[in-house]
Structures are given as structure tokens and as C-alpha cells.
Amino acid sequence: MFDICDEVEPVPTMPLIGDMAPEFNAQTTNGPIHFPNDYAGKWIIFFSHPSDFTPVCTSEFIRFQELLSQFKEMNTDLVALSIGAIPSHLAWIHAISEMDGGANITFPIIADMDANIARAYGMIHDSASDTHAVRAVFIIDPRGIIRTILYYPAVLGRNFTEIMRIVVALQTADAFGVAIPADWVPGEHVLISAPQTTREMDRQQNTKARGVDSRAWFLSYKPLSSEAIYERLTKKNKGNKKQK
Ligand code: BEZ
């Protein structure tokens, strides 16, 4: 507890949803990167892991690699970070490629030796560990804006179904101008964004549009097929790739 008159330690700032992703240069297992500029026009899943050669992190890396082609279909790249050196990262991914049920890790892993990047992104939670990052996930859009932040502790591996759902949901919300209800998966009804004027409120309440399920002036569901979503998103994403 603190008194309003007490001198309060300055709280380190970290980027939040809606902020531009902080820019940095780094060495990775795939060579140097300038982040997020090198990924302009793409979605990025930027994630930290506590340590190389540890069981939960290894299981996550194999899962990320298994899903990489699906993320790429969604115009989404993966960038990993840990507070370690390139030789350690390389030795670890080599070991992963040789183990039973392993994988050839092709996404870049940042060597954040001095922890400057992890600190700038709020990936170090000092009470958990002041030397290792937590499992942070930043989902960044093609303009470099942070759209989702997730944190998991060291002992708990991430839910990849949810990470994929977030990428599809955010892209669906952007492409169709809709909002996404609780526990949504593609194919289920989406939400018409809440009206901002009385005219919009009247229109939404009285709409007879096909399939619209209006339960209150502020809560209207409408159908959106998964075929329509994937057709629009993959076409849009192919268009993005052509522009590069
Ligand atoms: C793991 O990846 O298994 C792990 C890493 C750091 C602390 C605890 C577990």
C-alpha cells in the first residue's frame, strides 16, 4: 500500500494494445532483423520464451513450427526471442531437429543478450524472474500496431488454438468491419458493431437483413461463413504478398 504523498518509483513503460510496436535491430538465428519494419504489410506473432533446452519451450517451438505454414497462409510471420546467445539458440534448434518427433525450426530466434528488447516489451516480470522472460505473445498488425498481448508463466505452455483463433478473429474483424463474440470460432455468427448514433441504432433495431439476430439495440448477431472469411482473407493476403 502507498500513501498519495509517497514518492512512487517510476513504473517502466511497456507498449500496450493500440501502440506502435517498439522498433529495434537484433541478431537472430536467421541473420540480422530490423523489427517491425522488415515485416511491414504482414501480421507478426512476436513471442518470448524463458530458456533454451527446456521442456515446455521445446514443446512450444515444435508446435509453432508445425503451424507455421497455416500462419503464413494468414500472412503472419513468427519471431521468437529469448535472453540467450546465438550459439545456444543454434545448438538447441539443432537438437530439436534431431530428436524423435522434433522439427526443423525455420523462424528466427532473437538473441537478446542484454535483455534490452525483452525489457522494452515488458517481457520480463521481475517477481517471476529478473533474468528470464515470461511467455509473452504480441500480435502485431501489418501497420506495426500491437493488437493483442498474452502472458503465460514459465510452467505453462501456450494454447496454439487460441493464438490461431486470435489471428483469424482480428483479420476477420478488420476485413468485414465486425466485432467478435465470446468463444467465437470461424463459421459462427459475428457481432454488428454497436451503433454510435440514434439513426444507426434505429436502423440496426429495425433491420430485416437476412439472418440478422437482433436481441437488443446494442447486441445484433449476423452470419458469416468460414468460406467467406477464408476466401476474403487468403485473397487479401495473396494480394499483400504480390505487392512486396
Ligand atoms: C520450460 O520451458 O520447461 C521451463 C522454462 C523455464 C522455467 C520452467 C520451465
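**Exercise 1. Locate Asp-174 and describe its surroundings: in which helix is its place, and which residues does Asp-174 touch?**

Step 1. Asp-174 belongs to helix α4, which covers residues 160-176. Helices here are DSSP runs of H or I with at least four residues, strands are runs of E with at least two, and both are numbered from the N terminus. The model is predicted, so local features need pLDDT of at least 70 and side-chain atom pairs count only at pLDDT 80 or more, while totals for chains, interfaces and linings use all residues. Residues are numbered from 1 along each chain as its sequence is written, and side-chain values use heavy atoms, with hydrogens and water left out.

Step 2. The relative accessible area of Asp-174 is 38%, which makes this residue partly exposed. The classes are buried under 20% relative accessible area, exposed over 50% and partly exposed in between, computed with a 1.4 Å probe on protein chains only.

Step 3. When residues up to four places away in sequence are not counted, Asp-174 touches Trp-43 and Arg-147; a contact means heavy atoms within 4.5 Å. Leu-233 is 59 residues from Asp-174 in sequence, and their C-alpha atoms are 10.0 Å apart.

**Exercise 2. Trace the salt bridges around Arg-147: which residues are joined with Arg-147 into one network?**

Step 1. A salt bridge requires a side-chain nitrogen of Lys or Arg within 4 Å of a carboxyl oxygen of Asp or Glu. Arg-147 meets this rule with Asp-174, where the closest N and O atoms are 2.8 Å apart.

Step 2. Arg-147 also forms a salt bridge with Asp-141, at 3.1 Å between the closest N and O atoms. Asp-141 and Arg-147 are both buried.

Step 3. The pair of Asp-174 in helix α4 and Arg-147 in strand β7 links distant parts of the chain, 27 residues apart. Through shared partners, salt bridges unite Asp-141, Arg-143, Arg-147 and Asp-174 in one network.

**Exercise 3. Describe the interface of domain 1 and domain 2: how many residues does the contact take from each?**

Step 1. The chain is divided into domain 1 (24-158) and domain 2 (171-243), with bounds from an automatic or database domain assignment. Their C-alpha centres lie 32 Å apart.

Step 2. Domain 1 contributes 8 residues to the contact and domain 2 contributes 8 residues.

Step 3. About 680 Å² is buried between the domains, 48% of it on carbon and sulfur atoms; this is the accessible area (1.4 Å probe) that two parts lose on being put together, summed over both. The rule finds 1 salt bridge across this interface.

**Exercise 4. Examine the aromatic rings: is the pair of Phe-47 and Phe-64 stacked or edge-to-face?**

Step 1. Rings of Phe, Tyr and Trp (its six-membered ring) pair if their centres lie within 6.5 Å; planes under 30 degrees apart count as stacked, over 60 as edge-to-face and the rest as tilted.

Step 2. Phe-47 and Phe-64 are stacked, at 3.9 Å centre to centre with 25° between the planes. Phe-47 lies in strand β3 (residues 43-48) and Phe-64 in helix α1 (residues 55-73), so parts 17 residues apart in sequence are tied together. Both Phe-47 and Phe-64 are buried.

Step 3. Ring pairs also link Phe-24, Phe-35, Tyr-39, Phe-46, Tyr-121 and Phe-138 into a cluster.

**Exercise 5. Inspect the backbone: which peptide bond is cis?**

Step 1. The bond from Phe-35 to Pro-36 is cis, with omega near -5°. Pro-36 is in the loop between β2 (31-35) and β3.

Step 2. Phe-53, in the loop between β3 and α1, has a positive phi of about 60° although it is not a glycine.
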